[in-house]
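Keep the picture open while you read.

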Amino acid sequence: MIESVVDVAQEESVYLPQMAQLLKIEQMTELEKVFTLQLPGGRSLGNDPGQFVEVSLFGIGEAPISVSSSPSRSNGTFELCVRRVGDLTNALHGLEPGDVVGVRGPFGHGFPIEKMRGRDMLFAAGGLGLAPLRSLINQVVDERGAFGRVIVLYGTKHPSEILFKEDLKAWEERDDVEFHMTVDRGDEDWTGNVGVITTLFPEIAINPRNTIAATCGPPIMYRFVLMEMQSKGIPETQIYLSLERRMKCGVGKCGHCQIDQFYCCQDGPVFTYAQIKGLEEAL
Amino acid sequence: MAENGRPKVAFFDFACCEGCQLTVVDSLQTHLELVEAVEIVQFREAMTEKGEDYQIAFIEGSCTREQDEARLREIREQADIVVALGACAHIAGVNAIKNVQPSLQDVREYVYGDKWEQYDSYAARPISAVIEVDAVIPGCPIDRFEFLDVVKKLLLGKKPSVPDYPVCVECKLKENVCILETGGTCLGPITRAGCDAIYPTYGVGCLGCRGLISNPNENAMMDVLEEAGLTVEQLMSKMTMFNAYEPAHIGEAVASPAEE
Amino acid sequence: MSLWVIDKQAMAPFVAKLMDDYRVVGPLAKGSQFAFDEVEDPADLRLDYNTSILPPKKYFQPPEERLMTFRRNGGTTVQPIVEAEPTVILGIHTCDLHAMRVLDEAFTQGYPDAHYTRRRRQAMVVSVECLEPCMEHSFCKSMGTLTADDGYDLHLTDLGAAYAVDVGSDEGKALLERFAEARPAAEADMQQLNKVLGAKWPRFPYKLETEVDELPALMSQSYESPVWEELAEICLACGQCTIVCPTCFCFDVYDEVDLSLQDGERRRRWDSCQLDLFATVAGGENFRESQAARLRHRFMRKGRYLRKKYDALGCVGCGRCARSCPVDISPVNVFNELHQVRA
């Protein structure tokens, strides 16, 4: 009998992570930390805004995490904003700078920034949905001259859950960014808007034909935000949203993230509303 | 659990046959690394020392008497992590068969004869009915590899989870001829996997010792078993052999075909 | 490519010679059924089998396999594992050949999966033409898989005293020349082959009440059908249907460590969209919460989604799922019911 051929590394396995080092870890809220990672040799991740990576901790497993830093600010590093919700993310939260994690990717279709230049931009982020959207927003801010108006709407459940406060402050302080935020429920120190994110829409007037909208948030938010965007007259082909699914393998094989004939991990996670409107399972 | 320090582990038993602890003893012999990985401070079946300082408690057996409750609470008080070891602790197992008999008194007399008064007994319960349980290792008896797996997960700081899919999955992965297809009866479609389908692999239908999956379609299972020729009585005894603790659940499902 | 003939008594020597150079697998009896397994004695080979319990996909994507090993002592190191072994698979039915096209597409599109492709490349496929319906559950004729023009290295048709061997690839030809005592088909063999093939078709029932090309359209009109809820009432969600399906390839990935907690393996195992937690993300949101939604997903995938993605139907009519279903849910019946409800 011929012996089993165990072939090591002759062929590239798409499931093989590269090692990335944790340079910096910042506690952002009770549940979320932001990790700054570096690939070997400071190699660029080469991601588009809205793409994700599969993060590995050997012995624990692997999970898809969207990249929250902008390619325009990479400096040979990238950032992941991670909520502590499962085994992997719990273990990740226990790591320290200098520790090493596995990374595969970037994967999927992100936001097509080339189709956005020259247009007005309307961003609507809910909760942790700010993480992938931040990578696009900062890219747009860094190329500010290439875009028309920039409007950022952000909603969280509670002031304690507000993410990326430094970025929010920077956007708020800029004259050329219209920034609005709200919380579902305030606390004694909160003086801003109270209400769900859709309550911010009446405040803004836009030219719908020239506006590209990008939104990311929990599944329940989409239905209402999409309604607002459509009622403002933004065409379905100009509304981009990032969908969450169980993107286990990241390369369109394992089947867990399937939405009709699409694999969220490959065909998405960013889709136009026009693309997914007819898909029964999408929203 | 810290990866570097060896956690202190203790074993306890309540109403059970101690077969699961025996499996643990067995796995300590086949997997010597286990002894390196943890420090066992109390294990009546395997050692005489009785340390009361432990972080992980493995508990075999059901709660069947009032005095069991206090002891369970004591263990819970001390342990950071409580693991239900085996069917009796997990789902009350065969101990709960008495729960579905017409009279507990009759059961006591049947079992203990004229000495019945010397033995306290009330309806059997899984330990989770008395104290909070962090993890379970199902089965009658437990599977040694699953025991190892749970220990590893605890050491890694992972929450040990048991499969929440039916035995059929493992059975088909092994390419067994289906017991139901050959005219037998099997609870595989509604029973929690993790045993590597050991019963059907050896040609015997599953009896449900690992408890039911989270969303079992029991009515459909009843129909299948009825079609396979089981009487309502046989159905009832099959379904309650290990899973009698939730009689409402099962009673309902058993009752409906009978009424038709 | 070309047609050859092997006498039946020359088959066992052919297989025996193959066994010297290859791992040879084929249908063997397993209890009252059949399973593909390693051939140890050519006499055990059952080319007259009905349908194997698991499809031959298990040789390209094993039920469980290692993807890599890792070590965490002294810096993390990872080694990928691509395991493959030169294998001859004997006796594949044409329904399974059609199913292999779906898997080939799935594992090569976009990011090719080396674990699959390497095994696939190392496998020689010797298929066999079905001349009699294999079991009550199959409906290959309806799905257009009762025969195949390609996808094999060698294809056998039982002529009675001999097998006609259609050569489908250069590798197949080499295999035949090197290992078999075969002769080029003569005029009489051709006539016999035509007779056999002509006679087989009427024996197979056509069970689908609509055209197979209509299925994607039928399915897209059936999303809101009451059929899904009805089926969910009786479905046990046991997952057998997807595990035995020759076009299902979904898998789960998990890590296993040894007790040092430092070293271990990353593995994958077949998964099933029929199981509760298949579409559940870490936060707890389940994108297909009801069994009705999961059943619908399965049939949509069979009748529509895979066609859109891979240009091949996800159901080849092998009937394995229907046979293993404890409550007799059969795709052809489901398709017909959807068709009746629509009509």
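Start in chain A, where six strands build an open sheet in the order β5-β4-β7-β2-β3-β6, paired in the antiparallel sense. Strands here are DSSP runs of E with at least two residues, helices are runs of H or I with at least four residues, and both are numbered from the N terminus. Two strands count as paired if DSSP finds at least two bridges between them. At the edges of this sheet stand β5 (61-66) and β6 (77-83) of chain A, and each has a single partner strand, so one side of each is left without a neighbour in the sheet. On average, neighbouring strands of this sheet are turned by 40 degrees against each other, direction ignored. For that angle, the axes are lines fitted to C-alpha atoms (for helices, over the stretch in contact), and angles run from 0 to 180 degrees between N-to-C directions.

Before we go on, a word on what you are looking at. This is a predicted model, in which local features need pLDDT of at least 70, side-chain atom pairs count only at pLDDT 80 or more, and totals for chains, interfaces and linings use all residues. Residues are numbered from 1 along each chain as its sequence is written, while chains are lettered from A and ligands numbered from 1 in the order in which they are written. The predictor gives the complex an ipTM of 0.94 and a pTM of 0.93. Chain C has a mean pLDDT of 95, with 99% of its residues at 70 or more; pLDDT is the predictor's confidence in each residue, on a scale from 0 to 100.

Now back to the chain A sheet for one pair of strands. β2 (residues 18-27) and β7 (residues 100-107) of chain A pair in the antiparallel sense over four bridges. If you want to find one of these pairings on screen, look for M19(A), whose bridge partner in β7(A) is G102(A).

Further along chain A, the pairing is parallel. β9 (residues 150-156) and β10 (residues 178-183) of chain A run parallel and are paired over six bridges, and G155(A) has T182(A) in β10(A) as its bridge partner. Together with helix α3 (residues 165-173) of chain A, β9(A) and β10(A) make a right-handed β-α-β unit. Right-handed means that, with the strands pointing away from the viewer, the path from the first strand over the helix to the second runs clockwise. β10(A) is also joined by two bridges to β11 (residues 193-194) of chain A, again in parallel. There, V183(A) has V194(A) as its bridge partner in β11(A).

How is chain A divided? Its two parts are domain 1 (18-107) and domain 2 (113-242), with bounds that come from an automatic or database domain assignment. The centres of domain 1 and domain 2 of chain A, taken over C-alpha atoms, are separated by 24 Å. Where these domains meet, 16 residues of domain 1 of chain A are in contact with 14 residues of domain 2 of chain A. Being in contact means that the C-beta atoms of two residues, placed from the backbone, lie within 7 Å.

Chain C also has two domains, domain 1 (2-202) and domain 2 (212-342). Their C-alpha centres lie 25 Å apart, and the contact between them takes 35 residues from domain 1 of chain C and 29 residues from domain 2 of chain C. On the domain 1 side, α2(C) gives the most, with nine residues.

Chain C has an open sheet too, with four strands in the order β5-β4-β13-β12 and antiparallel pairing. β5 and β12 of chain C are the edge strands, each with a single partner, so one side of each is left without a neighbour in the sheet. Here neighbouring strands are turned by 25 degrees against each other on average, direction ignored. Four bridges link the antiparallel strands β4(C) and β5(C), and M68(C) has P80(C) in β5(C) as its bridge partner.

Finally, see where the chains meet. 47 residues of chain C are in contact with 42 residues of chain A. Which element supplies the largest share of the chain C side? That is β12(C), with six residues.
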